[in-house]
Amino acid sequence: MVKIKNLLKIKSITEQLSVLRFSTKWLFICLIVGILSGSASAIFLFSLEWATNWRESHIWIILFLPIAGLIIGLTYHYLGQSVSKGNNLLLDEIHEPKNIIPFKMLPLVLFSTITTHLFGGSSGREGTAVQMGGAIADQLTKVFKLIPEERKILLIAGISAGFASIFGTPIAGTIFALEVFMIGKISYEALLPSLFSAIIADYVCHLWSIQHTHYSIPFIPKLSPIYFLYAILAGIIFGLTSILFTKATNFWDNL
């Protein structure tokens, strides 16, 4: 009995040391990812603010939007074929790791997004955030000699850092990276790295004196059966709309 207790004690200590090594290793990696992604997001947000202000004070520039689109298209055609898949490339590498994501994804997506906003085009920030964070993080794969399973965690951490620092939402960034890129599953091994990188990136971005847009909700109605039913109905509609959009996109791509 004493021998069994000693074995269990040794096993417990070994497991704790294993967790400690895992946490320490990923805290260090995520520190690098967070600093670099947070700084990249700060540069992006500064540039975006400049582009928006310049366009609003020189509204005539929107006449050249078609030319800007052509330039962006040609840039990707001649310089960015390997990263033209954008977010889908990150998805592919998470599910089936093959090649390190080229670092040029970062400057190309940064250039195309800023140019689009400057000339009055419509372009969201989340795609830019995800691609910048993923491209930065994946460069550390060879540095730390990570195996494919660890590389998945690294990519999730990079995506989390990019999303969190762009919007100033570390918790949302953590969940986004875990959930969106692992549909229907949660990678518990990636939970701490995703959270670490998101918090660090958000903090670093704020150190650059970035002010994120704040959206206020003037009041929250009390929970009642009718509002609960409305929420269920809205969820169903949102889900069906997502399915319709996905299937429509696949249909037109195949056609």
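**Group meeting: an all-helix model**

Okay, starting from the N terminus, the elements of this protein run α-α-α-α-α-α-α-α-α-α. That comes to 10 helices and zero strands, where helices (H or I, at least four residues) and strands (E, at least two) are DSSP runs numbered from the N terminus. Keep in mind that this is a predicted model, with local features needing pLDDT of at least 70, side-chain atom pairs counting only at pLDDT 80 or more, and totals for chains, interfaces and linings using all residues. Residues are numbered from 1 along each chain as its sequence is written, and side-chain values use heavy atoms, leaving out hydrogens and water.

Overall dimensions: the C-alpha trace spans about 85 × 55 × 45 Å along its principal axes. Of the 255 residues, 37% are buried, meaning under 20% relative accessible area with a 1.4 Å probe, protein chains only.

Now the inside. The largest nonpolar core has 49 residues; a core here is a set of buried Ala, Val, Leu, Ile, Met, Phe, Trp, Tyr and Cys residues joined through side-chain atoms within 4.5 Å. Trp26, Ile29, Val33, Phe44, Ile101, Met132 and Leu154 touch the most other members. Helix 1 (2–57) is among the helices that each supply at least two residues, and helix 1 gives the most, with 10.

So what does Leu154 touch, leaving aside residues up to four places away in sequence? Trp26, Ile29, Val33, Ala137, Asp138, Leu140, Thr141 and Leu146, with contact meaning heavy atoms within 4.5 Å.

Notes:
Buried means under 20% relative accessible area, exposed over 50%, partly exposed in between (1.4 Å probe, protein chains only).
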